[in-house]
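Subject: Structure for your files

Hello,

Here is the structure I said I would pass on. My notes on it follow below.

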Amino acid sequence: MITRKSAEQIALMRRAGKVVAEMHEECIRAAKAGATTLDVDAAAREVIDRRGARSNFLGYHGFPAVVCTSPNDVIVHGIPSADVVLKDGDILSIDCGAIIEGWHADAAVTVPIGDIDDESKRLIEVTRESLEAAIAQVVEGKRLGDLGAAVEGRAEEAGFTVVREYVGHGIGTAMHEEPQIPNYGPAGRGMKLREGHVLAIEPMVNAGGPETELLNDGWTVITRDGRRSAHFEHTIAVTDHGPEVLTVP
Ligand code: MG
Ligand code: MG
């Protein structure tokens with residue numbers, strides 16, 4: 001069942017989205033060389049508390065933090081830790097969400113720590129662009145395959161690959177609702193978008209091959225070849241005037 005949200009419901013999701021944008025801002029401020037990924041989590045927790053929101057990550061299938069922190073070859077679902085110290089030249093994906101009055105938002109961003117190499121810069125830029133290309137397709141009448149094809153097209157023309165095992169999702173009164181949103185095509189196939197659909201689109205783009213590996217902690221997903229990966233995500237509503245990104249300040 002794919003639900004369509006009313007304008008009032010989308011307004012609540014917009015409020016949750018603003019909290020997530022603020023969490024990102026504070027996490028990015030905290031994510032500097034010498035800090036730990038647990039410091040990044042603490043920055044996000046402060047925003048959650050200040051805004052009277054709840055975390056949809058904390059306790060999710062037992063997840064112990066409000067943010068997933070995924071450095072370098074970690075694709076997604078990295079667990080914040082006092083033992084993971086960020087250093088100059090790293091990249092870090094920061095993924096978090098918030099709940100306001102029962103309504104969810106979810107977004108991710110990848111940032112440089114200090115000075116990063118050119119390939120990492122390009123990986124971050126291309127992954128951001130692949131999300132933007134998908135968002136441009138979030139229009140009534142388009143199909144899910146159009147979104148995936150947009151992501152895949154941008155990533156592959158840059159010589160990168162998209163992760164296939166992990167996908168985006170519908171979002172509303174739960175963080176993960178139907179439908180699943182793959183980061184690959186074919187265009188013109190899959191569910192048709194309608195006004196009121198709200199989607200979390202989240203390309204995960206690898207510098208090397210697309211293969212993934214799950215670590216023994218049951219959460220951390222890494223690239224099998226050890227190359228770097230970037231991740232961007234927004235929560236977006238289909239409206240009568242086109243896509244509305246909800247996870248912005
Ligand atoms: Mg998500
Ligand atoms: Mg997310």
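The hairpin of S3 and S4 has two residues between its strands, and glutamate 101 there takes a positive phi near 45°. This is a predicted model, in which local features need pLDDT of at least 70 and side-chain atom pairs count only at pLDDT 80 or more, while totals for chains, interfaces and linings use all residues. Residues are numbered from 1 along each chain as its sequence is written, chains are lettered from A and ligands numbered from 1 in the order in which they are written, and side-chain values use heavy atoms, with hydrogens and water left out.

Helices (H or I, at least four residues) and strands (E, at least two) are DSSP runs numbered from the N terminus, and two strands pair if DSSP finds at least two bridges between them. S3 and S4 pair in the antiparallel sense over ten bridges, with histidine 104 of S4 as the bridge partner of isoleucine 99. S3 also pairs with strand S1 (residues 67–71), antiparallel and over five bridges; here valine 67 has cysteine 96 as its partner in S3.

Ten of the ten residues of S3 are buried, so the strand is largely enclosed by the rest of the structure. Buried means under 20% relative accessible area, with exposed over 50% and partly exposed in between (1.4 Å probe, protein chains only). Ile91, Ser93, Asp95, Gly97 and Ile99 cover one side, and Leu92, Ile94, Cys96, Ala98 and Ile100 the other.

Metal site. The magnesium ion (ligand 2) is coordinated by Asp95 (OD), Asp95 (OD), Asp106 (OD) and Glu233 (OE), at 2.0 to 2.7 Å. Donors are N, O and S atoms within 2.8 Å of the metal (3.2 Å for Na, K and Ca), and sites may look incomplete because water is not among the atoms. Along the chain, the donors of this ion follow the spacing D-x10-D-x126-E. Aspartate 106 bridges the magnesium ion (ligand 2) and the magnesium ion (ligand 1), which lie 3.1 Å apart. Both aspartate 95 and aspartate 106 are buried.

Other sheets. One open sheet of three strands runs in the order S2-S11-S10 with antiparallel pairing. Its edge strands, S2 (74–76) and S10 (212–214), each pair on one side only. Valine 74 has isoleucine 222 in S11 as its bridge partner. Another open sheet of three strands has the order S5-S9-S12, again with antiparallel pairing. S5 (161–162) and S12 (229–231) stand at its edges with a single partner strand each, so one side of each is left without a neighbour in the sheet.

Pockets. On a 1 Å grid over the protein atoms alone, a pocket is an open set of points where a 1.4 Å probe fits, with protein on both sides within 12 Å along at least five of seven lines; lining residues have an atom within 4 Å of a point. The largest pocket has a volume of about 400 Å³. Its lining has 19 residues, with Tyr60, His77, Tyr166, His176 and Glu202 nearest the centre. The second largest pocket holds about 240 Å³. It is lined by 15 residues, of which His24, Ala108, Val109, His234 and Thr247 lie nearest its centre. Helix H1 (7–30), strand S4 (103–112) and helix H3 (118–135) are the elements that give two or more residues to this lining, and H3 gives the most, with four residues.

Regards

Definitions and conventions: Points joined across faces, edges and corners; volume = space filled by probe spheres on them.
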